[in-house]
Amino acid sequence: EILDQIIENIKEGTLKKGDALPAERNMAEALGVSRPVVREVLRTLALLGIIKTVWGGASYVSENLENSLIEPLSILLRLNNSSVYHNQQLRSALEVEAARLAARNCTPVDAAELQLILARLDAAEEERVRGDLDRDLHIKIGKMAQSPMLFSVMSASAQLTENIITGSYMMQKQHSVSQMDEQHRKLVNAIVEHREEDAEICMKEHMKTIENYILEIDRKKENTQV
């Protein structure tokens, strides 16, 4: 009941991102349950990334609910003995569908925002800035899909991949940078021109490039261990 009530309050907007939850004692008294029960619910919500608990015991609604599935997805991958490559396969399927839906839903405002991100990415040289802009581009496309569940799982999967493939690794491969930039341009053009099938194809190509980088990293790790 506590879990459902908190989630419903977030859904309805009664609790907003960054809002503090009532103290454990107050929640326990209001719902007629013990504090240990409340504490277990808060631990579950924290594990799901829905709330954040800070020093002193205060709990707050997460500022980044979109990425609330990162930890559960990470645990699921470990339990199934899955690799980052398997995670990337999941991400690829979701990103391809997101690209198709983004092409269908793209508005003039969306198109302008995509082109702006792309222009900034073309002009950027610093690794960190390029990484952030690359992430912004994919997040924008994911949101344009207008599918909250798809976006949530996609964001979590993408973050897990990014934890492995760093911007510095990408920048070490100068030829790959220009390749990725060209893929981004083709992808954005297909989306803003509402070419759904082309958007799918472009995203598949882009995701395949990332999969190849992951395989390359795995091979280097195996050689190092040998």
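**Close-up views of a predicted helical model**

**View 1. Helices α5 and α8 where they meet.** The axes of α5 and helix α8 (residues 148-162) come within 9 Å and cross at roughly 140°. Axes here are lines fitted to C-alpha atoms, for helices over the stretch in contact, with angles running from 0 to 180 degrees between N-to-C directions. This is a predicted model, where local features need pLDDT of at least 70 and side-chain atom pairs count only at pLDDT 80 or more, while totals for chains, interfaces and linings use all residues. Residues are numbered from 1 along each chain as its sequence is written, and side-chain values use heavy atoms, leaving out hydrogens and water.

**View 2. Side chains between α5 and α8.** On the α5 side, look for residues including Val84, Leu90, Arg91 and Leu94; on the α8 side, Leu150, Val153 and Met154 are among those they meet. Contact means heavy atoms within 4.5 Å. By class, this contact has 9 nonpolar, 4 polar and 3 charged residues. Ala, Val, Leu, Ile, Met, Phe, Trp, Tyr, Cys and Pro count as nonpolar, Asp, Glu, Lys and Arg as charged, and the others, Gly among them, as polar.

**View 3. The largest nonpolar core.** Which of its 27 residues touch the most other members? They are Leu114, Ile141, Leu187, Ile191 and Met203. A nonpolar core is a set of buried Ala, Val, Leu, Ile, Met, Phe, Trp, Tyr and Cys residues joined through side-chain atoms within 4.5 Å. Two or more residues each come from α5 (84-105), α6 (108-123), α7 (127-144), α10 (174-192) and α11 (196-225), and α11 gives the largest share, 7 residues.

**View 4. Around Ile191.** Setting aside neighbours within four places in sequence, Ile191 is in contact with Ala99, Ala102, Ala103, Cys106, Leu114, Ile141, Met144 and Ala199. A second, separate core of 14 residues includes Ile6, Val38, Val41 and Leu42.

**View 5. Ile2 in helix α1.** Ile2 is found in α1 (residues 2-12). Is Ile2 buried or exposed? Ile2 is buried, with a relative accessible area of 7%; buried means under 20%, exposed over 50% and partly exposed in between (1.4 Å probe, protein chains only). Beyond its neighbours within four places in sequence, Ile2 is in contact with Met27, Leu31, Val33, Val37, Val38 and Val41.

**View 6. The whole protein.** Stepping back, there are 11 helices and 2 strands. Helices (H or I, at least four residues) and strands (E, at least two) are DSSP runs, numbered from the N terminus.
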